[in-house]
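Dear colleague,

Please find below the sequence and structure that I am handing over to you.

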Amino acid sequence: MQSAQISSLPLSGKSALVTGSTSGIGLACAQTLAAKGASLVIHGLVSDEEGNQLAANLAAKFNVDCYFVAGNLADEEAVIALVTRAQALLGRLDILVNNAGIQFTARVENFPIDRWRQVIEVNLTACFTAIKAALPFMQSAKFGRIINIASVHGLVASKEKSAYVAAKHGLVGLTKVVALENAEQGITCNAICPGWVDTAIVAKQIEAKAKMQGISDEQARRELVAEKQPMSHMTSVQAIADLVAFLASDSAATMTGSAIPMDGGWTAQ
Ligand SMILES: NC(=O)c1ccc[n+]([C@@H]2O[C@H](COP(=O)([O-])OP(=O)(O)OC[C@H]3O[C@@H](n4cnc5c(N)ncnc54)[C@H](O)[C@@H]3O)[C@@H](O)[C@H]2O)c1
């Protein structure tokens, strides 16, 4: 009875690697893919003890195989090792979600070069390296779903985010190239471009704005969203995860090379 239920799940038999999945959007993606039957490798910067516990909890809750693999994505060798290990642990690699990302804000003339390099390395180069490492597995299986968590900043710019905007625009471009090169290989590659999503990466920006302007966190949050989004509420991590699950599904088989905004109307203006 139980196995009949499991095999009827939409992603049963599929396996996924989600980078940066111990928190925020990545964790929601991991939970949602597991709930749909995919076996998983989760990844992040937490301790092995914390990561292994989280993986064990997901495995027990969703009755799937789930492993934690650590690795600093600023290090090319660590990215390659992560993808290779994920494939070895899961026996196949069908879905790659490049989610991990970092932010740093400063005007260009004040932007430290090491911060620029770090943002480009984690938000763009690591995605390239992970895709490069995953493609041979996907090409030999004639199936793959690569989903890059970009940003509205892959489509438009904001002040003081030069490295992030450059990296996310680059990620949207990379998405299109990978889509074209693999169009006849059963592999799709798409980018999701969220506006404001309620996670730690945004909490830091709210805190910084509140401190700089001497206003409450709540007011800073309202102002931050209103500056950019016609809709006054942020997108939920679950909404992004549901879109990831859709892009991983059979229904999205011909969707490739797209950059999909989920941004409360930000880029419609
Ligand atoms: N929150 C938003 O409003 C928003 C909007 C648009 C796009 N995004 C993008 O969504 C993605 C997820 O962000 P989030 O909001 O969930 O933030 P988050 O800070 O909760 O998650 C980021 C994840 O990336 C991992 N990470 C960061 N640097 C790493 C490194 N060097 N090596 C390995 N892992 C690393 C962290 O461990 C964490 O798990 C990012 O790519 C971000 O740019 C977020």
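I begin with Gln 31, which is found in helix 2. Helices (H or I, at least four residues) and strands (E, at least two) are DSSP runs, numbered from the N terminus. Gln 31 is partly exposed, because its relative accessible area is 30%; buried means under 20% relative accessible area, exposed over 50%, and partly exposed in between (1.4 Å probe, protein chains only). Leaving aside neighbours within four places in sequence, Gln 31 is in contact with Leu 58 and Phe 62, where contact means heavy atoms within 4.5 Å. Gln 31 and Ala 210 are 179 residues apart in sequence, and their C-alpha atoms are 32 Å apart in space.

Please note that this is a predicted model, in which local features need pLDDT of at least 70 and side-chain atom pairs count only at pLDDT 80 or more, while totals for chains, interfaces and linings use all residues. Residues are numbered from 1 along each chain as its sequence is written, and side-chain values use heavy atoms, with hydrogens and water left out.

Strand 2 and its partners

Strand 2 covers residues 39–44, and six of its six residues are buried. Both of its faces are covered: Ser 39, Val 41 and His 43 lie on one side, and Leu 40, Ile 42 and Gly 44 on the other. Strand 2 pairs in the parallel sense with strand 1 (residues 15–18) over four bridges; two strands pair if DSSP finds at least two bridges between them. Within this pairing, Val 18 stands opposite Ile 42. Strand 2 also pairs in the parallel sense with strand 3 (residues 66–70), over five bridges, and here Gly 44 stands opposite Ala 70.

The helices complete the picture. Strand 1, helix 2 (residues 24–35) and strand 2 make a right-handed β-α-β unit. A crossover is right-handed if, with the strands pointing away from the viewer, the path from the first strand over the helix to the second runs clockwise. Strand 2, helix 3 (residues 48–62) and strand 3 make a right-handed unit as well.

Strand 5 and its partners

Strand 5 (residues 144–149) is mostly covered, with six of its six residues buried. Gly 144, Ile 146 and Asn 148 are buried on one side, and Arg 145, Ile 147 and Ile 149 on the other. Four bridges join strand 5 to strand 4 (residues 95–98), and the two run parallel; Ile 95 stands opposite Arg 145. Strand 5 and strand 6 (residues 187–194) pair in the parallel sense over six bridges, with Ile 187 in strand 6 as the bridge partner of Gly 144. Strand 4, helix 5 (residues 113–141) and strand 5 make a right-handed β-α-β unit, and so do strand 5, helix 6 and strand 6.

Asn 148 counts as buried because its relative accessible area is 0%. Its side chain makes a polar contact of 3.0 Å with the side chain of Asn 98, and another of 3.0 Å with that of Thr 175. A polar contact is a pair of N or O atoms within 3.5 Å; within protein, one must be able to donate a hydrogen and the other to accept it, and residues adjacent in sequence count only if both atoms are side-chain atoms.

The ligand

The ligand is surrounded by 27 residues, and the closest are Asn 72, Asn 99, Tyr 164, Val 197 and Thr 199; a residue is counted here if one of its heavy atoms lies within 4 Å of the ligand. An oxygen atom of the ligand lies 3.1 Å from an N or O atom in the side chain of Ser 23. A ligand oxygen is also 2.9 Å from a polar backbone atom of Ile 25, and a polar side-chain atom of Tyr 164 lies 2.6 Å from an oxygen atom of the ligand. Taken alone the ligand exposes 830 Å², of which the protein buries 91%; accessible areas come from the Shrake-Rupley method with a 1.4 Å probe, and for residues only the protein chains shown count as cover. Helix 2, helix 6 (162–181) and helix 7 are the elements that give two or more residues to the shell around the ligand.

Yours sincerely
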